[in-house]
Amino acid sequence: VFQGWILARRLVGQETRYEVEVKTPYRHRFPLVRREYVWVPNTCDCPPLREGGEYLLMAQRHVNHEHTLNRILLRDDGYARPWTPREDRLVREAARHC
């Protein structure tokens, strides 16, 4: 779970790749750097992320069976909400209990 600012969007085959500036990492099981690519396995804007917007994203690490592909994946049913101070407060409170 992290707060990110969408810098760019690019369609790559049947997927969408977002370049994201990681603002605040809340909970992560794998290391995040300041700029990451977040992949969405469709091209239909699901979930809808716009360039220049700040979002609270809950993504997962995806590694294929051959261990040749390691990326951050945001599924179409994943959690992506516009970032607000209220969302920040809710995530910080939940992190204390989890």
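Predicted model: local features only at pLDDT ≥ 70, side-chain atom pairs only at ≥ 80, totals over all residues.
Buried residues have under 20% relative accessible area, exposed ones over 50%, and partly exposed ones lie in between (1.4 Å probe, protein chains only). Residues are numbered from 1 along each chain as its sequence is written, and side-chain values use heavy atoms, with hydrogens and water left out.

Side chains of opposite charge can pair when their charged atoms come close. A salt bridge is counted when a side-chain nitrogen of Lys or Arg lies within 4 Å of a carboxyl oxygen of Asp or Glu. The search of the whole structure returned five salt bridges. Three of them are described here, among them the pair of E19 and R35.

In the E19 and R35 pair, the closest N and O atoms are 3.3 Å apart. This bridge links distant parts of the chain. E19 belongs to strand β2 (residues 15-25) and R35 to strand β3 (residues 35-40), 16 residues apart. Strands are DSSP runs of E with at least two residues, numbered from the N terminus. E19 is partly exposed, at 23% relative accessible area.

K23 and E21 form another bridge, with 3.8 Å between the closest N and O atoms. K23 is partly exposed at 32%, whereas E21 is buried at 18%.

R81 and E87 also meet through their side chains, at 3.6 Å from N to O. R81 is partly exposed, with a relative accessibility of 42%. E87 is buried, at 7%.

Note on methods
Helix = DSSP H or I, 4+ residues; strand = E, 2+ residues; numbered from the N terminus.
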